[in-house]
Each structure stands twice: as structure tokens, then as C-alpha cells.
Amino acid sequence: MEPLMPALTPRRRLLVLATVCLAAFAINLDTTIVNVALPDLSRELDATTRDLQWVVDGYNLAFAALVLTAGSLGDRFGRRPALLWGLGGFAATSALGSAVGSPGWLVAVRFAMGACAATIFPTTLSIITNTFPDRRSRAKAVGVWGAVTGLGVAVGPVVGGLLLAHFGWPSVFLALVPVALLAFAATWAWVPESSDPASARLDLPGLAASSAAIGILVYTIIEAPSRGWDAPATVAGFAAAAVLAAAFVRIERGRAHPMIDMTLFRTPAFSAASGAVTVAFFALFGFIFLVTQYFQFVRGYGTLSTGVRVLPVALTIAVGSLGGVALVARLGTRAVVTTGLVLLGVSFAWIAASPTYMPYDRIVGQMVLIGLGLGLTTAPATESILSVLPPAKAGVGSAVNDATREAGGTLGVAVLGSVFTSVYASRLADTSFAALPPRTAAAAEDSVASALGTAAGLGRADLLTAVQTSFMDAFHLACLVAAGVALLGAVGARLALPGRPLPVTVPEYSGRETAGAAAGAEAPGSSDRALRTGSGPRTGRRAAVPERRT
């Protein structure tokens, strides 16, 4: 096999790291920069809460559905051209997003942006893996990458608020164009080529099954509040998603060259870490989707003020990511990730018990817990996922990590947004809005902005109180759901994640080898034993594999 990447000087490695972090920052910024513009989109494009969910989740859904295939193609055909194509497409679709004039067209553009992001994100992490082959330097690089990506997610509302304070909502899309183009130029100048020519071919059946399963699940969840959670269409949607997910597993297990080797999930360092990342981003994306609306609709803050008030999350995600990777060396992945998920659960439970007009200094405390929890969870879990695979398969590992992030974030917006929508509409229907004309009442139940506009237009304080009370009831229940998911994730991490890293020697990974086979387990069923004991052939190069329980 050809060298994965030519030898680089320390300075060149830092330039490569800075480049891929800039690319990752751009696409993660886009995951949340739109959130602060949601009230403006609701007013100016007549978008309902359901429309707003699709504006956010259209991007996330395309990202999650395509990222596994994109990572595999980047491994096979070259990571540098994949990154260039992705960044160029991202710049073009971002510019297009600023020119649309309806919610439907905006959702379509968001799907296109998500497809471009799916090409970029796994490539950044696989380039890091090949640029920093030894585990110690790679862990530090992943910590920086995790801090920057988390910063992009959390600083999005700040940047969006700053833009909206001086320009219209199209500016939140136009602002992404120069960032993407700068990353494109840096990639062209500094990122060398690397690939795995032996990588699997495009897995069309697996792509179709996985995309359909995720798409139907998210669509069913978002539409459930209007159809009814027990409606035949909703039940059928959940059933279809389950069948397609099972079909995807069956397809992948039966292929000689699968899109993702399902036996990797037998390894706790891979499967439990993937689950932890999913849970963390489920909580984060759902929270930002709702809290930006809380600050603007309930507290009456402007867009810039809202963005600044979300800043504590951004800063503490960076701190938690860097600190989490450093703590793993002393405490082990299990202890650090479990602590992070507990912090997330506690923070959401605290929010659920908070009054409507809670002092902002206490809200800062809640956000600090969320940011630290996310950082402590995602960076160590990401490094654990990558430790299972050798550099030649970095695209596969990073794509799985990215897919879990985006699937978690997509489901977070879908589930928490739909819980919010259901409770909000139900509570509002029991208030004085029920006495208004049916069309007015229905519009108020579909859109918080419409309800507030009706209350202001009629000058009725009782209607304003009804909107705020209904909003907070729905917000609190959604946060309780997030708290429950995070705490269940913490239990799973405590039981399943391995402890301290144990480096062993592994041979090259190729074809259908699993993580266990890569550790020297050749007979069926022997992979777990080899990973636990470090047994197996002592030929090949050294790599870090899943961690031993302590």
C-alpha cells in the first residue's frame, strides 16, 4: 500500500491542523448560526414552528444521511479533493441560501448545504488522524479540533445575533461564504494528499437504507405533533424506520465491502463512545433550538443580545474539550465521559425547574454546566472512536463519529422540538386563545411569533401571559426529556466504556477486518478476547486499540 501521507514538518502539521479546524468551524457554525434568525424567519417568511424545525433539521438530516458514504469516498479517492469539493459547494449553497424567498426553498437549500458539509467533516478528522499518527499527538490535535468544532456550534448564535443586529436574515448565510473560501484556499496551499486505494466501493444499498431510515424517523417525529403521536401515519412511520434500520444492518453484514463494518460496534471503545457523542449532541442542538427562541420570544431580547447570552456555552465547550482529553490520560475515558453526561443531565434538570424570569447570572451557571459537559463528553469519546481504527481507515471512523453527532443533533431538534410543539399547542388551546376565531387560534398554536403578534395587536395582557405560560410549560418538559436522555447516556457510558488506554501491536486493517481482527483476532468470536488481553500476532505496526477496564 502507498504511504498514507508524506512526512510533514512540525510547522506544516500545525498549518494542516489550522486548515481543517477552520473548515470544521465553518460547517459547525452553520449548524447553529441560523437558530438566532428563527424568529425573523417566522415573521418575514411566515414560517411555522414546523417550518423552523425543517430549516434546522434539513441541514442536519442531509449531513447525517450522507456522512458515512462521504467518509468512505474520501478514503478511496483522496481526502484533499474531497475537502476542496465540499468547501466549494458549501460556499456556493450558502450564497444561494441568502437569495431564497420562501420556507420551502430555504429548506431545500439547507439540504444541499448539509450534503456539502457531509463531504467536509469526516475529511477533516481523517486528515488529522493521518497527520498525527501517534496517539499522544493525535489526542492533542483531536482536543483542539473538538474545541474548535464545539466553539463553532456554540458561537453560531453570537455571530448570527451580531449580523442580524445590522443586516437582515440573509446575512447569516452570506457570512459563511468567505470562511469557506478561506478554508478552500488554505486546503489548496497546505493540505497534502492522502487516501486508501483499497477502500471499499460505493455501497448504494447501504446508503439507500440508512438514508431512508434516518429520513423517515426524523420526518415522522417532526410531523407527529400535527398528526398525533398515536395516529396511524405516525405509528407506521416509526415502524418503517425500524424495518429500514434492521435492513441496513443486514445489508452491511452481508457485504464483502460494507459502508461501515457493523462488527466494530462489538468493541465498547467504539460503540459506547459513539452513543455518548449521539446523546451529547442530542441535548446541545435541542437546547440551542429552544433557548434562542426563549430569549427572544419570552425575555424580549434582541438578536445580538440573545447571541451574546449564549456565549458561555461556547467558551466552556472549548475548555471542556481540551481539559477532557488531558484528563483521560489520568482518569480514563469512562470516568471523563460519564462525568460529562452527568453534567449535561443535571444542567437540563436545573433548567426544567427554573422560573420564567430567572436571573441571567443563574442561567450562566446552567450554560457553563452544559458546555463543560459537552466538552468532557465529545472530545474523549471522539478520540476513543479513532483509536479503534488505523490511519488507513480514518475516514470510516471519523464518518461514524460525524454521523453520530449529526444524527444526535437532528434527533435533538426533532424530538425536543416536537415535544415542545405538542405541549405548547395543547396548553395554548386551553387558554383564552380558544375564544378567538379558529384561524387565528390555529395560527397561534402553530407559531409562537404569530401568537405574540396576536396578543400585541389586540393589546390583551391575558393573551400574552397565556403564550408565555404555554411556552415555558413546553420548554420545561422538553428539558426534562433532555435531562433523562443525558442521564441514561451516563449510565450506559459508566457500564460500557473502557477505562485507561492500553497500546498493543496490530497488523494492517484492510477489507472486511473488524477492530478485533485488526488487533489480531482471526477466528470468529475471538475479537473481544483479543481486545481485552492484547493477544494476537505481533507483526505489523503499532497502534492504540480499545481501552482496558480499570
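Is R427 buried or exposed, or does R427 fall in between? R427 has 38% relative accessibility, so R427 counts as partly exposed. Before I go on, please note that this is a predicted model.

R427 has a partner. Its side chain meets that of D473 in a salt bridge, with 3.4 Å from N to O. The two residues sit 46 apart in the chain, R427 in helix α16 (residues 394-429) and D473 in helix α19 (residues 461-496), and the pair links these distant parts. D473 is also partly exposed, because its relative accessibility is 31%.

In general, side chains of opposite charge can pair when their charged atoms come close.

One joins R110 and D30, at 2.9 Å from N to O. R110 belongs to helix α5 and D30 to helix α1, so this pair ties together parts that lie 80 residues apart in sequence. Both R110 and D30 are buried.

The other joins R43 and D40, at 2.8 Å from N to O. These two are 3 residues apart in helix α2 (residues 38-44), so about one helical turn separates them. R43 is partly exposed at 48% relative accessibility, whereas D40 is buried, with a relative accessible area of 11%.

Helix α8 runs over residues 176-190, which makes 15 residues, and spans 21 Å from first C-alpha to last, close to the expected 21 Å. Its buried residues include L176, V177 and A180. What do the buried residues of α8 pack against? They pack against α1 (10-33), α4 (79-97), α5 (103-131) and α7 (171-174).

Note on methods. Residues numbered from 1 in each chain as written. Predicted model: local features only at pLDDT ≥ 70, side-chain atom pairs only at ≥ 80, totals over all residues. Heavy atoms only, no water. Helix = DSSP H or I, 4+ residues; strand = E, 2+ residues; numbered from the N terminus. Expected span 1.5 Å × (residues − 1). Buried < 20%, exposed > 50% of the residue type's maximum accessible area, 1.4 Å probe, protein only. Contact = heavy atoms within 4.5 Å. Salt bridge = Lys/Arg side-chain N within 4 Å of Asp/Glu carboxyl O.
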